[in-house]
Amino acid sequence: MKHWLPLILFAFITTFTLAQQPTREAIERSGNFYFGTGVSNDENRARDEALSAISSMIAVTVAGSFESSARESNLNYSETATSIIKTYSTATLSNVESLRSVLPDGKVEIFSYIAKEKVKALYDQRKQLVLSLFEEGRRSESAGNLAFALKQWYFGIVLLKSIPEEKIVAGNANLTVELPLAINKVLSNISLEVISDRQPAPEIREINLKATYQGRPVSLLHFRFWDGRDNNGTGQVRDGFSTIRLAGSSTTFDRITIYPQYEYYTARTENKTVEELWDLVKRSEFANAMTIQLKAEPGVKAVSEPIKSIQPNLVLDFDEEIAVADVMVKNANQLVQLMNAGDLQEVKKFAGDDEFLATKLHDYLQHNQPRAAETGHAAVNKTRTGYEVRKIRVLHTYPSINRQATEYLVLDFDSTGKPVDLNLCITDDLYEKFVAQSEYGNDWEHRQEIIKFVEKYRTAFHTRDLKTIDLMFAEEALILIGRRIETRPIKPNEVVYKGFAGQPGFEQIQLSKQQYLVRQKQIFDYQQDIFIDFSSFDIAAKSNADNVYGVQMRQSYASTTYADEGYLFLLIDFHEKDPLIYIRAWQPNEWDSSALVNSANFRVFK
């Protein structure tokens, strides 16, 4: 008898399960489901047709909610609603159930259905996505990173317009009200002050601005302005300052109007759903014009001698006495002078027989057209291999995207005061955060090395150094030796990856990385201008491995015809004399922080 028990139990479970699965007729009659049918020789096509029918059926019930968007896009309510509902299709796939049957003519019929209560759950998922953007924006705002705060909030508003509810609340936040309020608060509290207005050359005028928000320096802000030519220029505030360059007839302006950027049209492709919704919904507009009064003529006229003969006055701030201080001051000022002259050959001569530095300086000038401020202070810090001169303010120019970007350079010197490298700085708020964190862990040397690596990584894009980028993404572990990067094979079981629920497999990340590098080469070959920045950068010591750190960055990327965003993760070990990077994981267009690869995914065995 005991041998029959398993068979009886199996039969009971099977009968019970079949009884629980509704029939097609019951689904259609109940009123509790959205459903659709697809018929095709190809089963996948039949399934797509069924999903499209479901989207249309859902759209009928919510069409009125998208009335304003339909009017804006010159479509009827049903067409607009169907298009908007289809932006949920990726999430819907995991919730739709199907009945499959083969018709007498051999075609496959797919009848798909989803409970109405599960569709509401899809709306709730999108609300949570918007909430995460709202909260990320508030964190960016508190750090003075207004550029990314405004972008995150505006993208959140676009996503809100795809939820068929009048009042949208998530996490105790009334997102319908608070998102527009947050944008208006930032736009109405930015303060811009002219600190210098000069004419360094005929037909060229440079205006230096100080930018604050609620009394604190603005870490990052993008803006548009009329440049006196045929189009608008795009400028950038970085670490509290911005330089605007006017040319031609605009050098006689007595005022300039600045429009802080919040819409980020070219960045809409960073999020697939935002991109799909962009032309379907009625997008919000905000008052963002700021007029700054100027003198009728700049305070300092152009001199008659060539620009390259003008001696810059870069002041280096030393915390302690350094034997090679005078040599560093001379070399730093000479480099700035040559850079301002834009003479590629002279800059290469300055590097002498250092082929690495000569090539990097040449490519940096060629692709970014930098010009340093005539005066300024830069801090000198001790590094593992010598010294660094941090924060030389420069203005980059990218004609094809009409962008003028205020940036800061860090120059690296060896122990004799000879320049050996040049990179773009991270923002002040990030740098100071890592300095403060190091006081608790007493690990500044490690954090400084990580900062320098990330700055080297960013600069590689601005100099189009595909060799360095390819090396940084190599399959082998990376060894950082001063300015050089070498590789070595990872030993078996030295680092073990364990994915968690909702995260992609590591092979999937590696595949995305390889695709990314192939695409990057194409961009370097064909794009006139390229600009890259980080909206977040976090360093965390690994809890179960001494001297091992996880680094996570959110990277935004723009070029003449393309833009994207993604996350880069690094796992770095400082046990040896030279830092060792085990892992570089790239995840493009990922907005859900819970799905990101992080240091908890890895175990290091030494």
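Q: In this predicted model, at what angle do helix H7 and helix H9 pack?
A: Helix H7 covers residues 116-142 and helix H9 covers residues 175-189. The axes of these two helices lie 11 Å apart. Their packing angle is about 25 degrees.

Q: Are H7 and H9 roughly parallel or roughly antiparallel to each other?
A: The angle between H7 and H9 is about 25 degrees. Angles under 35 degrees count as roughly parallel, and those over 145 as roughly antiparallel. H7 and H9 are therefore roughly parallel.

Q: Is the crossing of H7 and H9 left-handed or right-handed, and how many of the residues in their contact are charged?
A: H7 passes H9 in a left-handed crossing. On the H7 side the contact involves Lys127, Val130, Leu131, Phe134 and Glu141, and on the H9 side Leu175, Glu178, Leu179, Ala182, Lys185 and Val186. By class, these residues comprise seven nonpolar, no polar and, as the number asked for, four charged.

Q: In the open sheet of three strands, which strands stand at the edges?
A: The strand order is S1-S3-S2, and the pairing is antiparallel. Each edge strand has a single partner strand, so one of its sides is left without a neighbour in the sheet. The edge strands are S1 (33-40) and S2 (97-102).

Q: What is the average twist from one strand to the next in the sheet of order S1-S3-S2?
A: This sheet is open and has three antiparallel strands. From one strand to the next, its twist averages 15 degrees.

Q: Which residue in S3 stands opposite Ser98?
A: S2 pairs with strand S3, residues 108-115, in the antiparallel sense over six bridges. The residue of S3 opposite Ser98 is Ser112.

Q: What angle does the direction of helix H3 make with that of S1?
A: Helix H3, residues 43-62, packs on the sheet and touches S1, S2 and S3. Helix H7 also lies across S1, S2 and S3, running at about 70 degrees to S3. The direction of H3 makes an angle with that of S1 of about 145 degrees.

Q: What distance separates the C-alpha atoms of Glu49 and Val39?
A: Leaving aside neighbours within four places in sequence, Glu49 is in contact with Thr37, Gly38 and Val39. Glu49 and Val39 are 10 residues apart along the chain. Their C-alpha atoms are separated by 7.5 Å.

Q: Which residue in the turn between S6 and S7 has a positive phi of about 65 degrees?
A: Strand S6, residues 190-201, runs antiparallel to S7 and is joined to that strand by nine bridges. S6 and S7 form a hairpin with two residues between them. The turn residue with this positive phi is Glu203.

Q: Which residue is the bridge partner of Lys210 in S11?
A: Strand S7, residues 204-213, is mostly covered, with eight of its 10 residues buried. Glu193 stands opposite Lys210 in S7. Seven bridges join S7 to the antiparallel strand S11, residues 241-247. In S11, the bridge partner of Lys210 is Phe241.

Q: In the hairpin of S7 and S8, which residue takes a positive phi near 55 degrees?
A: S7 pairs with strand S8, residues 216-217, in the antiparallel sense over two bridges. Tyr213 stands opposite Arg216 in S8. There are two residues between the strands, and the positive phi near 55 degrees belongs to Gln214.

Definitions and conventions. Residues numbered from 1 in each chain as written. Predicted model: local features only at pLDDT ≥ 70, side-chain atom pairs only at ≥ 80, totals over all residues. Heavy atoms only, no water. Pairing = 2+ DSSP bridges. Helix = DSSP H or I, 4+ residues; strand = E, 2+ residues; numbered from the N terminus. Axes fitted to C-alpha atoms, helices over the stretch in contact; angles between N-to-C directions. Contact = heavy atoms within 4.5 Å. Parallel < 35°, antiparallel > 145°, perpendicular 65-115°, else oblique. Left-handed = near helix turned anticlockwise from the far one by under 90°. Nonpolar A, V, L, I, M, F, W, Y, C, P; charged D, E, K, R; others polar. Buried < 20%, exposed > 50% of the residue type's maximum accessible area, 1.4 Å probe, protein only.
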